[in-house]
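Here are some notes to read alongside the model. Please keep the structure open while going through the points.

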Amino acid sequence: MDVSGASGQPRSGDDQPTDHPAVPTPPPPAPEAPAPTEDGPDTDTAATGAPDSNTSDSNTSGSEAARPEDPEGETPDTAEPPAPDTETHETHRTLAHTEPPTGPAPGMAKGEPPRPPKEPGGGILMGRPFGVPVYVAPSWFLVAALITWVFGGQLDRVLPELGAARYLVSLFFAVAFYASVLVHELAHTVAAIRFKLPVRRIQLQFFGGVSEIEKEAETPGREFVLAFVGPLLSLVLAGLFYLAMKPVQPGTVPGVLLAGLMVSNLIVAAFNLLPGLPLDGGRMLRAVVWKITGKPMSGTVAAAWVGRALAVAVLVGLPLLNSSGTFGGGTENTNGMDTVTDALLAAILAAIIWTGAGNSLRMARLREHLPDLRARTLTRRAVPVETDTPLSEALRRANAAGARALVVVDADGRPLSLVRESAIVGVPEHRRPWVPVSSLAQDLTDDMRVSAELSGEELLDALRAAPATEYLVVENTGEIYGVLSAADVERAFVKAMARPSQ
């Protein structure tokens, strides 16, 4: 399909098209340059096809048509900003939550768009309930071994007649416990699907599970429900295990297993109801503050700082509570190894909560500034050139028009490919009169054509779908608007994230 429109000429990348009208039809191609000798062109021959002295300064490093200009005078090559975390998933976690995934949504390497959405990994695929992949991370096996060892020691005191078989029973308990965690996460997933929010995956990992929901709830009420259903299901499971204990003899293996599962689900529910991010209770608190203030960011800030306070409380309070016998152990049975173990566990939990709260703040800032990423304002002005146009001539035309990108077109003005900025930089200036632009161009595919109206997450999704360094930006009518560089999107993203929240 012809998407070049009536004129087939690139338009300005400015937000107001009238400021920079479409570039007029290019002049006839420059006379054919003489072929180089085996030793390469001499200085006089190269000069015949090179830009004149008025444009030589801008062409020294790839020309203005090929290098992005920063409004503040910087180019992307002068600064190496850290690759931002572009994941925009809402993560609902169980028990002690680990860091959010780094992988939607994908950091952006310099000069590259966000990575395309691939099948999410993260361990062993266990199934796809409700169409959502469930993975068991390698860290789960470490936790399963730890639970098996700890619970096996408790069984040895309660049921000494089991002998070595107690570890088999303990392993069954570890699997059953994480099955309960999976039910908790599936509650979040079902609620998200009910609210038409895409769920990327569920992952069972160290200290719990994660439901990666790719979009934010539209209202505080939905956010509250989405967070609350997980602890609610854990409480329901605890009640079911309690009822199942009634007809079972307390001192038997089934009785001990049911009691352990009841207590563990109560702990999961209670822990996740704590009112601090990244826990479910923190998301519930965020929803309440959001409802009161009308600002999602205010809710996130409040819940994140409460989460950080919880992290400090866990770090200090958990070892004190264990040493005081609050959780059932006597102070006389406490030894040095137990104290070290309690402190290490508290430090891990505190670090996870603190990190998760900080990540929640960063994700909120990302969503707040995503609308600033607009294809229309980030697009570079471009000039059309035919396939056999020498690079030096193409750069001369771009400089004369004040453009910073080149679109290769056919004889009828239809776009065929985009000249890659990185390829231009790699061509020495004295070789440019003998290098046709088509040899430096990347063929256009349908998914490399993006609408000038795209912004925010829609724009990032379009770039993820077709990884490239440049994209052709078109109007809704099909007329060419200009060229969008992935490096420009990255730089704008970093600047938007650096700005303070409103």
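This is a predicted model: local features need pLDDT of at least 70, side-chain atom pairs count only at pLDDT 80 or more; totals for chains, interfaces and linings use all residues.

At what angle do helix α4 and helix α5 pack, and how far apart are their axes?

1. Residues are numbered from 1 along each chain as its sequence is written, and side-chain values use heavy atoms, with hydrogens and water left out.

2. Helix α4 (residues 166–194) and helix α5 (residues 220–245) pack at an angle of about 140°, and their axes are 8 Å apart. Helices here are DSSP runs (H or I, at least four residues), numbered from the N terminus. Axes are lines fitted to C-alpha atoms over the stretch in contact, and angles run from 0 to 180 degrees between N-to-C directions. α4 and α5 are therefore oblique to each other; angles under 35 degrees count as roughly parallel, over 145 as roughly antiparallel, 65 to 115 as roughly perpendicular and the rest as oblique.

3. On the α4 side, the residues making this contact include Val183, His184 and Ala187, and on the α5 side they include Val229, Gly230 and Leu233. Contact means heavy atoms within 4.5 Å. The contact residues divide into 11 nonpolar, five polar and no charged. Ala, Val, Leu, Ile, Met, Phe, Trp, Tyr, Cys and Pro count as nonpolar, Asp, Glu, Lys and Arg as charged, and the others, Gly among them, as polar.

4. The largest nonpolar core has 37 residues, of which Ile147, Phe177 and Tyr178 touch the most other members. Such a core is a set of buried Ala, Val, Leu, Ile, Met, Phe, Trp, Tyr and Cys residues joined through side-chain atoms within 4.5 Å. Elements giving two or more residues to this core include α3 (138–158), α4 and α5. Another core, of 34 residues, lies apart from it, with Ala375 and Met448 among its members.

5. Is threonine 300 buried or exposed? Threonine 300 has 2% relative accessibility and so counts as buried (buried is under 20% relative accessible area, exposed over 50%, partly exposed in between, with a 1.4 Å probe and protein chains only). Threonine 300 is in helix α8 (residues 296–323).

6. Leucine 378 belongs to helix α10 (residues 375–378), and at 15% relative accessibility leucine 378 counts as buried.
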